[in-house]
Amino acid sequence: MSTVNVYYNRITEIMEEVFSKEGEAMEKAAAVLADANKEKRSVFAFGCNHAGLITLELFYRTGGMVTVNPVRVPGMMLEVSPITMSSEMERLTDYGQVIFDSLPAEKGDAIIIHSVSGRNAVTIDMAKAAKEKGVTVIVVTNMNTATSVSSRHPSGKKLHDFADILIDNHGDLGDAAIELEGFAQKIASTSTVVGAAILNAVIARTCELLWEQGIQPPVFMSGNIDGGDAYNKAVIAQHQENIFYM
């Protein structure tokens, strides 16, 4: 069987496992985000490096929530050279606190934090700081990996230890999923495609909950459809007090 089909089959297996086992956690996350929007609270999303791709997936795109604020900071978005610096930077103790302190986050807000291992200091400090502030912490992580590695944080804790809501992406240890006969290292990571599916589903449910309560979900329309620009301008104006990326 071609690795194309092997990868498809593995992704399908993981997706089935996630949506059968994480439904309750995803429902809780959607309820938190719906309440945040209804109560004019703010929503943030963060991840280091490739984990941050999920932040970008939720941000400023067709069908996505206007009120998701991406946390984009130096060294955490694969923009540094040499790129190995990014791995060192996400291990820096207290940088996550510095990042969080720069946010206009208040008690009652919500933050989504994504990390496969949950072992590095930046995301742990972010989650810790958010929790201390009274911000609801929604964590997406890979518990197969997180429970198999040691923490790189002075506290000895990991990201999932600070989660108010924990969503497991059910990926393989180390994320890569495909084996080649005679080759030691697995290939083809799954966390981006699975994480995007998880959080797009959560956002969809968030919008559904708002709509069921008679509240128009704050969602972007494609700017490439006639009327899209005007629609988006109006939605942004309605929620400008909770938007910090403009």
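Helix α2 (residues 23-38) packs on helix α8 (residues 191-212) at an angle of about 50 degrees, with the axes 8 Å apart. That angle makes α2 oblique to α8. Angles under 35 degrees count as roughly parallel, over 145 as roughly antiparallel, 65 to 115 as roughly perpendicular, and the rest as oblique. Axes are lines fitted to C-alpha atoms, for helices over the stretch in contact, and angles run from 0 to 180 degrees between N-to-C directions. Helices (H or I, at least four residues) and strands (E, at least two) are DSSP runs, numbered from the N terminus.

The α2 and α8 crossing is right-handed. In a right-handed crossing the near helix is turned clockwise from the far one by less than a right angle; anticlockwise is left-handed. On the α2 side, the contact (heavy atoms within 4.5 Å) uses Met26, Glu27, Ala29, Ala30, Ala31, Leu33, Ala34, Asn37 and Lys38. On the α8 side it uses Ile198, Ala201, Val202, Ile203, Arg205, Thr206, Leu209 and Leu210. By class, this α2 contact with α8 has twelve nonpolar, two polar and three charged residues. Here Ala, Val, Leu, Ile, Met, Phe, Trp, Tyr, Cys and Pro are nonpolar, Asp, Glu, Lys and Arg are charged, and the others, Gly among them, are polar.

The model is predicted: local features need pLDDT of at least 70, side-chain atom pairs count only at pLDDT 80 or more, and totals for chains, interfaces and linings use all residues. Residues are numbered from 1 along each chain as its sequence is written, and side-chain values use heavy atoms, with hydrogens and water left out.

Helix α8 has another partner, helix α1 (residues 3-21). Their axes come within 10 Å and cross at roughly 35 degrees. This crossing is right-handed. Tyr7, Ile11, Ile14, Met15, Val18 and Phe19 of α1 meet Val193, Val194, Ala197, Ile198 and Ala201 of α8. The contact of α1 with α8 has eleven nonpolar residues, no polar and no charged.

Cys48 is buried at 6% relative accessibility, and Cys207 is buried at 12%. Buried means under 20% relative accessible area, exposed over 50%, partly exposed in between (1.4 Å probe, protein chains only).

Next, two other buried residues. Asn69 sits in strand β2 (residues 68-70) and is buried, at 2% relative accessibility. Leaving out residues up to four places away in sequence, Asn69 touches Val43, Phe44, Ala45, Asn242, Ile243, Phe244 and Tyr245. Ala163 lies in the loop between α7 (143-146) and β5 (165-168). Ala163 is buried at 19%. With the sequence neighbours up to four places away not counted, Ala163 touches Lys131, Val137 and Val139.

Now the backbone. Most residues other than glycine have a negative phi, and most peptide bonds are trans. The bond from Ser81 to Pro82 is cis, with omega near 0 degrees. Pro82 lies in the loop between β2 and α4 (84-89). Asp94 has a positive phi of about 85 degrees, although it is not a glycine. Asp94 lies in the loop between α4 and α5 (95-101) and is partly exposed, at 49% relative accessibility. Asp175 has a positive phi near 85 degrees. Its loop runs between β5 and β6 (176-180). Asp175 is buried, with a relative accessible area of 9%.
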